[in-house]
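Subject: Structure handover

Hello,

Here is the structure I promised to pass on. Please open it first, then read the notes below.

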Amino acid sequence: MGGVEDAARPDAAVRDAAPVDAESPPPDQGVDASTCEAVNETCNGRDDDCDGRVDEDIAPTPCYDGPAGTEDIGRCRAGRIECIGGELSMCRGQMLPAGLDECGDGIDNDCNGETDETCACREGESQPCGEDVGACERGTQTCRGGAFGACEGGTGPADEACNGADDDCDGRTDEALAPVPCYEGPDGTDGVGICRGGTSACVAGEAGACEGQRLPAAEACGDELDNDCDGEVDEDCGCNDGDVQPCGEDEGACEAGEQTCVGGVFGACVGAVGPQDEVCNGVDDDCDGEIDGQREGCYDGPDGTAGVGRCRAGTRTCVAGAFGACDGQVVPEAGDGCDGVDNDCDGQVDEDFMAEATACGQGVCANMGQRICRDGQVVDTCQPRAGAADDRCDALDNDCDGRVDEGHVAAATRCGVGACAAEGRMACEGGVVRDTCVEGRPADEVQDAIDGDCDGRVDEGFPYTTAELQGRFNQICGGCHGGSGGLTLRGDFEVNTVNVPALGAGLDRIEPGDPDSSYLFHKLRGTQRDVGGGGNRMPLGGPFWADWELERLRLWILAR
């Protein structure tokens, strides 16, 4: 206040200062159930659903920050986001891929489906590599620079050949080899005149007889055939005009015809039926004295699967006008199991193996894995997680001993104000920390120096007693108005205020029965300039009296 009416800091002279805005009264404590509008509880540090609890029953949500496709592979596991202190936590408890496998622990640390694949070795150490089935022979890998090098000295699989050996190292010998073309006549005669090539099947590791071939023979005059396969028909044959001779063949499907000599040369063969390519029909179409008997490659599997995976073509033989069964073929199976073989011949190995979920460990150490197919063998990927101290309240067995939250320590708490104040503790109940403190029930306010209705105000609606006012002035005004001159409020404020004129204001400091004419009331309320006064609101710099406190002072003045 200006002059002796101003309240000042203890280390400052009494002087005028710029006005200071009044602070708002303190908020009510707790939740007023009559005005609270309930909504779904969210993680915000507030009692959204008006049940007296904050952020309760907000379930953790799963989370995983690792690369796609690595979750639940090897050591990698998801974590969870929790509501802590009114805010959502980071992803807690997740296990992400490590940079490299930790050698020797039998765990897929980098979560790529392989275990210890990048492990180092001792310089010069060697290990076998490759396979030793059929013609294949295992080689050796040698450790150089901390890693095993290429497989050396071994023999890998090759295309199957007719040699009595398992060239492709699949456990079978000379399987599904189609007959190969053959011809034993002089060079340049195959496909000339009557000459035709045949086929040879693989028998006991060697090529069998050349079946179905036709070789050169002596030229037969008058048959209009190039019997010696030299590109000429009936060369060097003479005749007398009018002579008639048979021509052609009458073997099998062939029928002989007739040639007539004209000008010393037999003419065309008339009425003959010549040889045709042999087909499987019970007829000797090529007129070689053999009926059918030809062999051909065969395959009854779906198109595009022969020669893929385990699938191989076979051969079939024509007997009595019909081809028999396809011998030696291997067709796709219904699906792939876990054996390292492409059984369904789709270019993929073991892809139809169905992984099964597995479980291991207990508490937070409990983990899920899978029975997967790896390199033709069934492997369980489940590895228990590492435990920790069980001092949190989360309904989890963190130390994996079969007990939950046994290490949680409950902290003491207080709640409520005034007559409703109580004590409790932060107890762990069902994995949630709950405050057991229960506020008392408010009562009607009476003038007893107690906050009976528990609203943070004492005896509101009742006038201050003189003793209460004296204690209030001693507490907040005694520092500046303790008796050094001017306005004195410490000790006996009534003597210095009631019916005592305020300097320069034209009002008494306390005008009995008239608060609006009491300058001290205006100074405490901050309305001193409205009644001709000046200076700052008391107490200088705050905290200022709340409305309910000013009302009690007003009632006291009215009662004087």
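The torsion about the S-S bond of Cys280 and Cys318 is about 90 degrees, so this disulfide (a pair of cysteine sulfur atoms within 2.5 Å) is right-handed. Its two sulfurs are 1.8 Å apart.

Some ground rules before the rest. This is a predicted model, in which local features need pLDDT of at least 70 and side-chain atom pairs count only at pLDDT 80 or more, while totals for chains, interfaces and linings use all residues. Residues are numbered from 1 along each chain as its sequence is written, and side-chain values use heavy atoms, with hydrogens and water left out. Buried means under 20% relative accessible area, exposed means over 50%, and partly exposed lies in between (1.4 Å probe, protein chains only). Helices (H or I, at least four residues) and strands (E, at least two) are DSSP runs, numbered from the N terminus.

More disulfides

A disulfide is a covalent bond between the sulfur atoms of two cysteines. The structure holds 19 disulfides. Two others are worth a look.

Cys195 and Cys229 are joined at an S to S distance of 1.9 Å. The torsion here is about 90 degrees, so the Cys195 and Cys229 disulfide is right-handed. Cys195 lies in the loop between S8 and strand S9 (198-200). Cys229 lies in the loop between strand S11 (206-207) and strand S12 (244-247), 34 residues apart from Cys195. Cys195 and Cys229 are both buried.

Cys162 and Cys202 form another disulfide, with 2.0 Å from S to S. This link is right-handed, with 90 degrees about the S-S bond. Cys162 is in the loop between strand S7 (147-148) and strand S8 (180-182), while Cys202 is in strand S10 (residues 202-203). The two are 40 residues apart. Cys162 is partly exposed at 31% relative accessible area. Cys202 is partly exposed too, at 26%.

Strands of a sheet pair through backbone hydrogen bonds, either parallel or antiparallel. Here, three strands form an open sheet in the order S15-S16-S17, with antiparallel pairing. S15 and S17 stand at the edges with a single partner strand each, so one side of each has no neighbour in the sheet. S15 and S16 pair over four bridges in the antiparallel sense (two strands pair if DSSP finds at least two bridges between them).

Which residue in S16 does Glu296 stand opposite? It is Arg316. Glu296 also forms a salt bridge with Arg316 (a side-chain nitrogen of Lys or Arg within 4 Å of a carboxyl oxygen of Asp or Glu), the closest N and O atoms being 2.6 Å apart. Glu296 lies in strand S15 and Arg316 in strand S16, so the pair ties together parts 20 residues apart in sequence. Glu296 is partly exposed at 28% relative accessible area, and Arg316 is partly exposed at 29%.

Other salt bridges

A search of the whole structure finds 21 salt bridges. One of them joins the side chains of Arg53 and Asp51, at 2.9 Å from N to O. Arg53 is partly exposed at 33% relative accessibility. Asp51 is also partly exposed, at 33%.

Arg77 forms a salt bridge with Asp72, with the closest N and O atoms 4.0 Å apart. Arg77 is buried at 0% relative accessibility, whereas Asp72 is partly exposed at 33%. Arg80, Glu82 and Arg92 are linked in a network of salt bridges.

Helix H4

Helix H4 (residues 547-558) has twelve residues.

One glycine

Gly340 lies in the loop between strand S17 (322-323) and strand S18 (356-360). Gly340 is partly exposed at 43% relative accessible area. Leaving aside neighbours within four places in sequence, Gly340 is in contact (heavy atoms within 4.5 Å) with Val349, Asp350 and Gly376. Gly340 and Glu351 are eleven residues apart in sequence and 9.9 Å apart in space, C-alpha to C-alpha.

Best wishes

Terms used: Expected span 1.5 Å × (residues − 1).
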